[in-house]
Amino acid sequence: MFQINKNLKLLPAIFLFLVSFFMFTSCNKEFDKAGGEITFPPNGTTPTLATLLDASDMTILKAAVTKAGLLPSLSNTSLRFTLFAPNDAAMTSSGISLAVINALSVSTVTSLMQYHVVPQVVSTASIPTTFPNLQYPTLLNPAPALSALLRLTTFPSRRANGIWVNNIPITVPDIQAVNGVMHKVALVVSPPSRYVYDRINTDADLSIFKAAIIRADEGLAPTSPTSIIGVMNNIGANLTVYAPSNQAFKNLISALTMGMIPTNAPDATYISFLASNNVTTQTVRGIVVYHITLSRAFTNNIPITALSIPTFLNLGIPSHPGITIASTFTGPSVSAATVKGVANATASNIAINPTPDPAGTSDQHFLNGVIHKIDQVLLPQ
């Protein structure tokens with residue numbers, strides 16, 4: 001199929017970049033990432049972030065923060081936080097009412113609210129407009145038994161037409177408090193709960209991509225540092241996976257076999273083809289790693305001007321030009337986005353539908369990355 005470098009080896013040492021945990025020590029200072037000091041209101045110890053929750057449109061959020069036990073921290077004038085704050089309209093649009101908050105367990109509400117709080121000040125001026133978006137740790141530790149220092153991160157980004165946290169628009173930025181800053185958001189910023197591989201493993205429309213991953217890992221234990229499945233199940237990884245749909249794989253393999261396998265053949269036929277000696281493990285591995293990048297990118301962070309970025313393939317072939325990504329905005333929302341491989345005649349389209357996992361096709365957010373479904377297999381050469 002392709003003459004992938006026969007010496008391509010994704011070495012364990014290289015994968016240390018991918019499997020390191022998101023550890024951090026919170027300085028909790030009043031300086032933003034740009035190095036500038038935040039100017040806080042001059043009126044003594046008010047308003048605090050907790051006081052801002054007394055607003056008439058913040059009743060559901062305040063109830064949730066109170067149930068989560070975070071109100072004392074957000075009242076503490078010696079600490080510094082950023083609060084991503086969905087008002088009552090945003091909460092109800094996300095399916096969360098006061099009754100829902102009352103019915104949910106304390107642990108569930110605590111996890112949800114902790115993901116909305118960053119233990120440092122992140123003003124919008126400190127969010128760069130460059131790719132990729134920055135990571136900021138939240139208060140949420142998804143696996144305290146694994147490490148007391150592990151934190152889930154949020155991904156603020158800024159473009160000329162908007163500001164986001166993950167793929168949620170920030171509607172009212174930089175509401176200052178004496179102990180931090182509040183950004184009102186359009187919807188609840190839900191913490192992810194599954195791994196990247198969980199989606200690939202269970203999505204019927206990604207079964208051929210899954211078969212390619214399994215073939216690429218042939219001979220490797222899931223615990224191997226070079227296992228693709230292992231990385232996709234590692235909470236310390238930070239990935240973007242451009243996942244070809246089943247039809248995308250069918251179109252490619254049918255063309256490569258000169259139509260001997262028709263595009264309407266059952267999925268199982270294509271899965272069997274990838275598992276056979278018709279294609280080498282090394283070739284399949286080269287194709288699979290070409291669909292994975294080393295940073296998490298939501299579609300709203302993809303630049304309007306086409307940008308070349310490296311993939312996992314660059315870990316074995318540093319000189320490879322990588323893939324090219326670009327987006328189109330209609331107002332504040334991404335209406336189209338593409339990703340192109342070096343040998344593709346045309347760019348592959350990302351299927352824009354940011355409905356949360358498992359129903360959506362773009363901006364599918366997981367513990368260790370983001371998945372975007374695409375309509376062509378990316379060709380590295």
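Here is a walk through this predicted model, from the whole chain down to some of its strands and helices.

Let's start with the big picture. The chain has 381 residues, and 53% of them count as buried. Its secondary structure comes to 14 helices and 16 strands. Now take the contacts between residues at least 6 apart in sequence: 68% of these join residues at least 24 apart. Keep that in mind as you trace the chain, and let's pick out a sheet.

Find the open sheet built from 6 strands, and read across it in the order β2-β1-β8-β7-β6-β5. The pairing in this sheet is mixed. At its edges sit β2 (117-118) and β5 (156-159), each of which pairs on one side only. Which strand does β5 pair with? Its partner is β6 (residues 162-165), joined to β5 by 4 bridges, and the two run antiparallel. To see one spot in detail, look for Ser157, which stands opposite Trp164 in β6.

Why can we call β8 largely enclosed by the rest of the structure? Because 6 of its 6 residues are buried.

Strand β1 (residues 81-86) runs parallel to β8, and 6 bridges join the two. Along this pairing, Phe84 stands opposite His183. Strand β7 (residues 168-177) pairs with β8 too, but in the antiparallel sense, over 5 bridges. Here Ile175 has Met182 as its bridge partner. A hairpin takes you from β7 to β8 through 2 residues.

While you are in this part of the chain, have a look at helix α7 (residues 106-114). Which of its residues are buried? They are Val109, Thr110, Leu112, Met113 and Gln114. Among the elements covering them are α3 (59-67), α6 (98-103) and β2.

Since 6 of its 6 residues are buried, β9 is largely enclosed by the rest of the structure. Both faces are covered here: Leu239, Val241 and Ala243 lie on one side, Thr240, Tyr242 and Pro244 on the other, and all are buried. β9 pairs in the parallel sense with strand β16 (residues 369-374), over 6 bridges. It pairs in the antiparallel sense with strand β10 (residues 292-293), over 2 bridges. Val241 is a handy landmark for both pairings: it stands opposite Ile371 in β16 and opposite Ile292 in β10.

Finally, let's see how two helices meet. The axes of α11 (residues 246-256) and α12 (residues 267-275) come within 11 Å and cross at roughly 60 degrees. That angle makes α11 oblique to α12. The crossing is left-handed. On the α11 side, the contact is made by Asn246, Phe249, Lys250, Ile253 and Ser254, and on the α12 side by Asp267, Tyr270, Phe273 and Leu274. Sorted by class, this contact has 5 nonpolar, 2 polar and 2 charged residues.

Definitions and conventions:
Residues numbered from 1 in each chain as written. Predicted model: local features only at pLDDT ≥ 70, side-chain atom pairs only at ≥ 80, totals over all residues. Heavy atoms only, no water. Pairing = 2+ DSSP bridges. Buried < 20%, exposed > 50% of the residue type's maximum accessible area, 1.4 Å probe, protein only. Axes fitted to C-alpha atoms, helices over the stretch in contact; angles between N-to-C directions. Parallel < 35°, antiparallel > 145°, perpendicular 65-115°, else oblique. Left-handed = near helix turned anticlockwise from the far one by under 90°. Contact = heavy atoms within 4.5 Å. Nonpolar A, V, L, I, M, F, W, Y, C, P; charged D, E, K, R; others polar.
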